[in-house]
Amino acid sequence: MEIKSGWYLIEQDQLHRVLTHEDFAKLEPDSYVLHQVFETQREALHEMSRLIRLAIKDLNDEVNKMAPPRAP
Amino acid sequence: MATAGVGLQGLWVELLTPLTEDLFIHHPKLSTHVQTLGAKGIQGVVMFSHVGEGDSFNAAERLDAVKQLMAHGVAGKDILLHVAFANLTDTVKLIRDAHELGLHGYILTPPPAGPEATDQGLFNFFDHIVQKVGPMGVKLYLASQTNAGPADLNPRVLSELLDKHAGAFQGLIDQSHNASHTMDWVRSFLPKIPVISNQDMNTHVLANLGIHASLSSYANLLPALMARMVLSNAAQKVSVAGNKIGTDDQRLEEFDHLIQGMPEVPALKYLTATHYRDADWLRVRPPLAALNTQTQEKLNKDFKKYIQSGEAR
């Protein structure tokens, strides 16, 4: 199946990025994790924001788990 | 790429079908899923198979989904469509309506039949379909039932159909969960017509026999691993029993073990929802139901372990 266009949402060096098909094709194999391919840049950016919000929430939950319980 | 005039090759993913809140097909999510799989090296997609909840979608919904996918840039030649219904007319109509879209082909399975079903009746069913759509030059694939029953395709019916309609059928697809059934079909029919399996655990065995084509449901989640399995015919290790075992085989077995004993569609949808971090993927059309909370938690824990133990996606 040939994918000729689209916007690629990837994770590289612990950062989310949205790339064009052309820029994606230039990446070193195994230097990234491909999340999803979207038809428009808007959809890809929207998904990236959602994933970042989820990552922040995960981190928040982790920190809260480690925090000592508040004194009454 | 799938090439016109050449039989099925490579990894074809039996798509899960994402649903909206009101249980209609979520076309944008389906399109994104397919584009993502395409970027990960699959050859094509199979729509409305058992894992795509095919029985839950009528002809109009199936045709609309194909059109929407093509409108989002997926080529018709990269799509195989399940067109099985309990009646002849819906199957014939769907093939005719989809014909101008130039799909790679159409998959036929025996209709559900009661105790009065006979081999002659089954032969007549497929014979009628071929007579109606064969002259259009469409590529047809004959598939066994997912749960083999008395009205399933058997060697006698298959032989008669292949004798009468040589050239109309491009391949046989064994959907049984029985590896020896697959091997029986390979032995009986392979010289005459390609035999393909949609059982992920058979992929490597068939690849070692030179059959580098597979329909895979696990590839919704493991496209890279399954693509390697389909193409490979060498393995790195040999088991005590002398069977060749590779790292990919082990990863596949581990994955298979994760969902063993669970209903396949809800389990795969749950894992897809986890993978995309998108709860919309959990939805299934009744009478299927999502996994219960306890099973979800167990699967989530096991899947995390699986991911941490090796990257094979």
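In what order do the three strands of the open sheet of chain A stand? The order is β2-β1-β3, with antiparallel pairing; strands, like helices, are DSSP runs numbered from the N terminus (E, at least two residues, for strands; H or I, at least four residues, for helices), and two strands pair if DSSP finds at least two bridges between them. The model examined here is predicted, so local features need pLDDT of at least 70 and side-chain atom pairs count only at pLDDT 80 or more, while totals for chains, interfaces and linings use all residues. Residues are numbered from 1 along each chain as its sequence is written, and chains are lettered from A and ligands numbered from 1 in the order in which they are written.

In the sheet of chain A, β2 (15–20) and β3 (33–38) stand at the edges, each with a single partner strand, so one side of each has no neighbour in the sheet. Neighbouring strands are turned by 25° against each other on average, direction ignored. Strand β1 (residues 7–12) of chain A is joined to β3(A) by five bridges, and A:Y8 has A:V37 as its bridge partner there. Helix α2 (residues 41–66) of chain A lies across β1, β2 and β3 of chain A, at about 175° to β2(A); such angles run from 0 to 180 degrees between N-to-C directions, with axes fitted to C-alpha atoms, for helices over the stretch in contact.

The sheet of chain A also meets a helix of the other chain. α1(B) lies across β1 and β3 of chain A and runs at about 135° to β3(A). Between the chains, 16 residues of chain B are in contact with 13 residues of chain A, contact being defined as C-beta atoms, placed from the backbone, within 7 Å. Helix α1 (residues 27–39) of chain B gives six residues, the largest share of the side of chain B that touches chain A.

α1(B) has 13 residues and reaches 18 Å from its first C-alpha to its last, close to the 18 Å expected at 1.5 Å a residue; the expected span is 1.5 Å times one less than the number of residues. Its buried residues include B:L30, B:V34 and B:L37, where buried stands for 20 or more other C-beta atoms within 10 Å of a residue's own, exposed for 12 or fewer, and partly exposed for values in between, with C-beta atoms placed from the backbone. The buried residues of α1(B) pack against β3 of chain A together with β1, β2, α2 and α8 (223–231) of chain B. Just after α1(B), B:G41 takes a positive phi of about 100°.

Which residues of α2(B) are buried? They are B:R62, B:A65, B:V66 and B:L69. Seen down the helix axis, these buried residues fall within an arc of 100°, so they line one face of α2(B); the arc is that of the directions from the helix axis to the C-beta atoms. On the other side of α2(B), B:A60 and B:A71 are exposed. The buried residues of α2(B) pack against α1, β2 (44–47), β3 (79–82) and α3 (88–99) of chain B.

In helix α5 (residues 155–164) of chain B, B:V157, B:L158 and B:L161 are buried. They cover an arc of only 100° around the axis, which puts them on the same side of α5(B). B:P155, B:R156 and B:D163 are exposed on the other side of α5(B).

Conventions. Contact = placed C-beta atoms within 7 Å.
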